[in-house]
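Q: I've got a model open and would like to talk through a few side chains with you. Could we go one residue at a time?

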Amino acid sequence: MRLTAYALTYTTLATLGLVVLRRTLADASLAEIVRTPSFYAGGLLYAASFATFLASLRSFEVLTVFPLFTGVTYATVAVAASVFLDEQLSASRLAGIAFVAVGAVLLTR
């Protein structure tokens, strides 16, 4: 149960952080980016996901945590990018997500 809570927390924070950062970085110059609060919000969200990852390593094996977190996050980022950033979610990308999911399940057993 704790592993699931860590995974959900990590995935949510990382996905939100990456989507916010991508939106902020899309069409802005470096000077504009550093004055944009969403840049810092996205960075903080992503940093918090890393802190969650580190906390989970205190209790669980890296061979469990890493594939689970990255696999689930890969899928959620792909879906979020499609929904919020209008990025294309092609059949090959969907197949890739499925392969990553299968690999994550196999590595966590």
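Q: Which residue's side chain does the side chain of Thr 15 make a polar contact with?
A: In this predicted model, the side chain of Thr 15 is joined to that of Thr 76 by a polar contact of 2.7 Å.

Q: Where does Thr 15 lie, and is the residue buried or exposed?
A: Thr 15 is part of helix α1, and it counts as buried because its relative accessibility is 10%, which is under the 20% cut-off.

Q: And what does Thr 15 touch, leaving out residues up to four places away in sequence?
A: With those set aside, Thr 15 touches Thr 73, Thr 76, Val 77 and Ala 80.

Q: Thr 73 next, then: which helix is that in, and what does its side chain pair with?
A: Thr 73 lies in helix α4, and its side chain is joined to the side chain of Thr 11 through a polar contact of 3.4 Å.

Q: Why does Thr 73 count as buried?
A: Its relative accessibility is 7%, so Thr 73 counts as buried.

Q: What else is in contact with Thr 73?
A: Apart from its neighbours within four places in sequence, Thr 73 is in contact with Tyr 10, Thr 11, Ala 14 and Thr 15.

Q: Switching to the nonpolar side, which residues make up the largest core?
A: The largest nonpolar core has 7 residues, namely Leu 3, Ala 7, Tyr 10, Ala 14, Phe 53, Val 65 and Phe 69.

Q: Which elements give two or more residues to this core?
A: Those are α1, spanning 2-25, and α4, spanning 62-84, and α1 gives the most, with 4 residues.

Q: What does Phe 53 touch, again not counting residues up to four places away?
A: Phe 53 touches Tyr 10, Val 65, Phe 66 and Phe 69 on that basis.

Q: How accessible is Ser 90, and which side chain does its own side chain contact?
A: Ser 90 has 31% relative accessibility and therefore counts as partly exposed, while a polar contact of 3.1 Å joins its side chain to that of Ser 92.

Q: How many Å separate the C-alpha atoms of Ser 90 and Leu 57?
A: The C-alpha atoms of Ser 90 and Leu 57 are separated by 34 Å, and the two residues are 33 residues apart along the chain.

Definitions and conventions
Residues are numbered from 1 along each chain as its sequence is written. This is a predicted model: local features need pLDDT of at least 70, side-chain atom pairs count only at pLDDT 80 or more; totals for chains, interfaces and linings use all residues. Side-chain values use heavy atoms; hydrogens and water are left out. A nonpolar core is a set of buried Ala, Val, Leu, Ile, Met, Phe, Trp, Tyr and Cys residues joined through side-chain atoms within 4.5 Å. Buried means under 20% relative accessible area, exposed over 50%, partly exposed in between (1.4 Å probe, protein chains only). Contact means heavy atoms within 4.5 Å. A polar contact is a pair of N or O atoms within 3.5 Å; within protein, one must be able to donate a hydrogen and the other to accept it, and residues adjacent in sequence count only if both atoms are side-chain atoms.
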